[in-house]
Amino acid sequence: MSLPEIKIMTLGETAVGKSSFIVKYVDDSFSSNYLSTLGLDFKQKKIVLEDGKEINIRLFDTAGQERYKSISINLIKKANGILLIYDITNKSSFNSIEQWMDNIAEISSTNTKVILVGNKCDLNGERQVTKEEGERKAKEYNLPFYETSCKDGININEVFLRITNEILKKNGKNDDNDKKGEILTNHSKKKKKSKCC
């Protein structure tokens, strides 16, 4: 019998760390030598809810290059959740958020949950986008916002915890909106939350 499944995809320009984000969450590993995703890749992770039920998360890693954006746009229609990622050391990746949000608003279901993510906060000395700019952009679109580091593991599990909980609540699978930490991942009980920068 197959497990209930939710689909989460990463969006953003090339080299913002979408592949690293997924690999860090699923495999708890990091490499600085990832090649750019060509087209589409995906990974899966089984998690256990607080009530003991299991659910499968399918994570879609999309290419940021212009020629592959049609693939990303087609997947937006099927996604339960979207992690819109930019690189804090790359201003142009931040400036592209508006275009990505236009695509999401035009194509996605109203039930699709979106989180804005400023990645690579371990490279604070190379920062081109302030945390305040990220917070303002998230507020503009009424999105949750996190700064993350795949290298240091900062806020990776917290982002997936948040979006999974949001999806389950939106779909009526979790009735207690005041409950904290409904989703138990392999790491959530072992690691404390980290604050970046």
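The following legends describe close-up views of a predicted model.

Because the model is predicted, local features need pLDDT of at least 70 and side-chain atom pairs count only at pLDDT 80 or more, whereas totals for chains, interfaces and linings use all residues. Residues are numbered from 1 along each chain as its sequence is written, and side-chain values use heavy atoms, with hydrogens and water left out.

**View A. The aromatic pair of F21 and F160 is tilted.** The structure holds three aromatic pairs, a pair being two rings of Phe, Tyr or Trp (its six-membered ring) with centres within 6.5 Å, stacked if the planes are under 30 degrees apart, edge-to-face if over 60 and tilted otherwise. In the pair of F21 and F160, the ring centres lie 5.6 Å apart and the planes make 45 degrees. Since F21 belongs to helix 1 (residues 18-27) and F160 to helix 6 (residues 156-170), the pair ties together parts that are 139 residues apart in sequence; helices here are DSSP runs of H or I with at least four residues, numbered from the N terminus. F21 is buried at 0% relative accessibility and F160 is buried at 1%, where buried means under 20% relative accessible area, exposed over 50% and partly exposed in between (1.4 Å probe, protein chains only).

**View B. The rings of Y86 and F94 form an edge-to-face pair.** Their centres are 4.9 Å apart and their planes stand at 70 degrees. Y86 is buried, with 0% relative accessibility, and F94 is buried as well, with 6%.

**View C. Helix 1 and helix 6 are roughly perpendicular to each other.** Their axes come within 10 Å and cross at roughly 85 degrees, the axes being lines fitted to C-alpha atoms over the stretch in contact, with angles from 0 to 180 degrees between N-to-C directions; angles under 35 degrees count as roughly parallel, over 145 as roughly antiparallel, 65 to 115 as roughly perpendicular and the rest as oblique. F21, K24 and Y25 of helix 1 meet I156, N157, V159 and F160 of helix 6, contact meaning heavy atoms within 4.5 Å.

**View D. K45 lies over the face of Y25.** K45 is 4.3 Å from the ring centre, and a charge sits over a ring if NZ of Lys or CZ of Arg is within 6 Å of that centre and within 35 degrees of the ring normal. Y25 also forms one aromatic cluster with F21 and F160.

**View E. C150 is in no disulfide.** The count of disulfides, defined as pairs of cysteine sulfur atoms within 2.5 Å, comes to zero. For C150, the nearest cysteine sulfur is that of C121, 9.4 Å away. C150 counts as buried, at 4% relative accessibility.

Key: Helices (H or I, at least four residues) and strands (E, at least two) are DSSP runs, numbered from the N terminus.
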